[in-house]
Amino acid sequence: MRTDTAPAISRHDYQPYPYKLPQVALQFDLDAERTRVHARFEVERNVDGGLPPLLLNGQELSLISVAIDGVELGPGEYRLDDETLTLFPKSPRFTVDVVSECRPAENSALMGLYVSGDSLFTQCEAEGFRRITWYPDRPDVMSRYTVTLRADKASYPLLLSNGNLVAGSQLEDGRHEAVWEDPHPKPSYLFALVAGDFDCLERRIRTGGGRDALLQIYSDKGSRNKTEWALDCLHRSVQWDERRFGLQLDLDRFMVVAARDFNMGAMENKGLNIFNSSYVLADPDTATDASYHGIESVIGHEYFHNWTGNRVTCRDWFQLSLKEGLTVFRDQEFSADMMAHGLSEEAARSARAVKRIDDVTALRVAQFPEDAGPMAHPIRPESYQEITNFYTATVYEKGAEVIRMQHTLLGEEGFQAGIREYFRRHDGQAVTCDDFVDPMDSVYRARHPGKSLDVFRRWYSQAGTPRVHVTLQHDAERRECRITLRQQCAPVGIEKLHNPPLEKPPLHIPFALGLLDSRGGTLTLRHEGRDHETVVLDLCAESQSWTFPDIAERPVASLLRNFSAPVIVEYERDDAELALLARHDTDPFARWEAGQELATRRLLAMARSAHNEQGETILVQTWRALLQDESLNDAYRARVLTLPAAKVLLERTDPMDPLAVAQAREGLRAHLGRALADAWLDTYEACAAAEPEDYSPDAVASGRRALKNLALAYLAAGEHPQAESLALAQYEGARNMTDRMGGLSALVARGDTPAATRALQHFYEQWQHDPLVVDRWFALQATACSTRTDTVRALMLHPAFTLRNPNRARSLIFQFCMNNMLGVHRPEGYDFWAEQVLALDALNPEIAARLARAFDNWARYIPPNRDAVRDALQRIQQHEPLSRNVAEIISKALNI
Ligand code: B3K
Ligand code: ZN
């Protein structure tokens with residue numbers, strides 16, 4: 001804990017580490033109360049000229065001894081302050097021995113070495129290794145690790161670390177020892193160890209490159225039967241990376257271990273991934289379709305890091321998007337390919353579009369607001385106080401969009417050529433984002449003479465979501481259509497404090513465009529000498545125009561197809577055009593977008609209490625046509641018929657009135673539920689009748705369940721007379737968790753009815769032994785429309801609730817504060833939030849800082865809400881002690 005304001009660390013201040021550490025040997029005497037670590041490392045001056053001090057990082061460690069070349073140093077021979085141990089080398093090559101102790105059982109921050117259940121786990125990224133031993137804890141220092149683990153055999157029968165198990169022996173006093181050697185040099189953030197008693201499910205595979213490898217999933221005793229899906233996903237990840245990226249598994253053994261207490265989703269430690277159990281454990285009875293898909297995506301993500309992150313890592317933490325943006329792009333493509341697998345070409349296109357819609361929705365829900373608020377930063381930030389705060393939607397999701405745009409500009413083949421060149425240049429190195437764009441740029445220049453990625457690179461240094469204003473002019477005489485795109489990106493976050501105002505140069509925006517005729521037919525676009533259904537325009541200047549010949553009548557523009565760039569499009573058009581696109585656009589993403597925009601207009605009007613009967617009629621007619629369009633697959637139809645997320649809507653209002661937006665959304669849901677009741681019921685019954693005996697999370701089956709549960713939710717929202725009995729019957733008869741939760745949600749959505757209360761009680765009794773299902777139980781109540789602060793306070797008193805387990809805290813506190821707009825946006829809601837930020841901060845600053853961001857955009861709220869959040873923020877800021885994590889978030893929030 002620190003109460004002072006931490007200094008900002010600047011990207012431009014990077015200095016290489018003056019020494020190399022080719023080898024490190026770690027010996028652990030593991031014990032939950034007190035673990036002793038002996039680190040021995042060889043040190044070599046990496047350039048000539050002087051012998052600068054050797055700086056080692058450490059946090060919350062007790063130093064036992066330090067020696068150079070075997071000679072123990074006296075207190076005057078080194079310097080020890082709060083977080084640094086400084087040695088003063090006398091020769092360019094020497095060996096350091098440091099012995100220290102840490103206290104895993106007291107580690108509630110879950111960074112470094114900590115206890116979860118009866119086991120020991122580590123989490124080192126970004127700066128957790130310094131809580132294990134003194135070391136240059138920075139990603140550009142790469143070493144080969146040999147790790148010796150010693151522990152009581154009865155308590156910790158399994159001792160795991162990175163690489164290969166090279167020796168094991170029995171010691172005195174019931175202890176045992178395991179020695180692991182990792183042949184791949186790695187930075188400290190990829191170190192891991194696990195000690196405990198686990199089940200293991202394993203599979204031997206032969207890679208395309210002919211290597212025999214062992215894939216293993218470790219989980220709590222008794223849960224092996226819930227790890228089959230994760231193992232399948234891992235195997236498919238290995239195969240996909242070979243097939244699509246030509247990247248082979250480089251290990252003999254790849255282990256995944258599930259932990260109940262984990263700060264985020266998972267961690268890509270070399271050869272020993274540690275996962276939040278929610279991204280490992282699944283069976284049809286306890287996991288929903290969304291959990292199955294989440295597991296596939298996170299297993300893929302961590303596996304893909306083995307190349308993009310581990311083989312080539314980051315030079316410093318400002319380059320985080322080098323590995324995260326690229327790896328998110330890879331996991332998105334993996335999931336899309338898996339969803340499309342085995343389907344006809346048309347169905348595959350639609351399945352991929354569903355994944356794209358989900359990814360873009362996630363971007364708009366989390367990243368667009370971030371990019372417009374006090375924490376706005378470029379995907380490669382310029383400065384930070386606490387790096388943990390920069391594992392953001394911008395670095396990850398916008399970072400993935402920036403990679404995707406390079407993929408769009410280069411095409412699959414060109415992109416893969418760029419990837420090959422990237423690994424040829426940098427395998428085994430710690431590099432920068434520029435080192436990634438350079439090979440892409442070489443390929444781009446070679447394939448597109450006269451073009452380059454010079455302007456494109458600005459995406460790495462510019463924050464904010466650009467707006468692209470579109471104008472369409474049609475010249476009937478010349479039969480020409482002229483499209484003009486104008487881009488603009490307003491200052492955001494701390495940029496607003498610039499004086500004179502910050503000039504933001506234009507970006508390179510690949511803008512995908514199609515044109516339809518007035519009957520919804522596709523028009524051919526002549527561009528650069530070729531005919532297209534979709535053209536990708538290279539917008540590189542503030543304003544540019546393109547003219548398309550042979551367009552007889554004023555066309556309907558289909559804009560930003562497949563969301564070709566992370567921008568906001570501004571284009572004035574009437575509802576009839578949107579309705580036409582919603583029915584006829586051949587680009588499934590743009591088609592979905594048109595329906596969403598139609599609904600958004602109604603919702604924003606309702607939030608302003610403005611009614612427009614004609615608009616409502618068009619929406620209901622379009623919704624009915626889409627609901628009854630059997631040519632659309634179910635998963636896609638479910639996305640098309642889901643109303644825009646409240647958070648996305650809120651970004652479109654100024655000032656923001658969260659309650660009005662949430663109420664409008666509920667109101668329109670109820671209205672659509674009633675207006676289309678017959679069609680919802682038909683859809684529900686058709687989907688329910690088609691539910692197969694055996695569960696599978698594939699695209700077709702999960703899509704059907706999504707549509708069925710959406711129909712049920714609309715029937716419940718519209719208070720259909722059959723809604724309760726259908727929901728109850730579905731809950732009671734469910735053969736999988738997706739349907740059970742669908743039934744329960746529909747019951748709970750109808751308010752505190754006796755049926756809802758009974759079902760909630762029944763659900764808890766049935767599943768109380770399964771922590772991940774209990775999380776669902778808390779989350780469902782936390783997000784229910786009728787839930788207010790007092791309900792949440794009461795749930796916190798439930799014996800199953802604890803703030804110490806991040807999943808549990810997220811399921812109740814985060815779900816309420818971040819996803820229950822109707823419940824939380826009240827003075828008592830904001831007070832509750834501030835209280836919980838502080839309570840969590842005393843335990844786990846990383847998690848507390850995430851909660852602290854719940855109302856980032858408070859300064860744009862209507863006055864009563866704005867004033868109440870400001871008071872709450874000030875109360876947090878005045879609290880002592882406050883972690884560096886929370887202090888950074890709050891000071892940025894208050895400075896805007
Ligand atoms: N690289 C980790 C994130 C670590 C976050 C540390 N606070 C998971 C991932 O992105 O794969
Ligand atoms: Zn990652």
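The model is predicted: local features need pLDDT of at least 70 and side-chain atom pairs count only at pLDDT 80 or more, while totals for chains, interfaces and linings use all residues. Side-chain values use heavy atoms, with hydrogens and water left out, residues are numbered from 1 along each chain as its sequence is written, and chains are lettered from A and ligands numbered from 1 in the order in which they are written.

The shell around ligand 1 holds 14 residues. The closest are E125, A266, E268, E302 and Y396. A residue is near a molecule or strand if one of its heavy atoms lies within 4 Å of it. By class, the shell has 5 nonpolar, 3 polar and 6 charged residues. Here Ala, Val, Leu, Ile, Met, Phe, Trp, Tyr, Cys and Pro count as nonpolar, Asp, Glu, Lys and Arg as charged, and the others, Gly among them, as polar. At least two shell residues come from each of β21 (266–267), α2 and α3. Helices (H or I, at least four residues) and strands (E, at least two) are DSSP runs, numbered from the N terminus.

Several side chains approach ligand 1 with polar atoms. A polar side-chain atom of E125 is 2.5 Å from a nitrogen atom of the ligand. For E302, a polar side-chain atom is 2.8 Å from an oxygen atom of ligand 1. An N or O atom in the side chain of H301 is 3.1 Å from an oxygen atom of ligand 1. On its own, ligand 1 has 330 Å² of accessible area, and the protein covers 96% of this. Accessible areas come from the Shrake-Rupley method with a 1.4 Å probe; for residues, only the protein chains shown count as cover. A126 sits in the loop between β12 (119–123) and β13 (143–152).

H305 and E324 link distant parts of the chain, 19 residues apart. H305 is in the loop between α2 (289–304) and β23 (313–314), and E324 is in helix α3 (residues 320–340). H305 is buried, at 0% relative accessible area. E324 is buried too, at 1%. Buried means under 20% relative accessible area, exposed over 50%, and partly exposed in between (1.4 Å probe, protein chains only).

Other sites lie elsewhere in the chain. W240, in helix α1 (residues 228–245), counts as buried at 1% relative accessibility. Its C-alpha atom is 8.9 Å from that of D337, 97 residues apart along the chain. D550 is in the loop between β33 (543–548) and β34 (556–559). D550 counts as exposed, at 59%.

Conventions. Polar contact = N/O pair within 3.5 Å; in protein donor to acceptor, adjacent residues only side chain to side chain.
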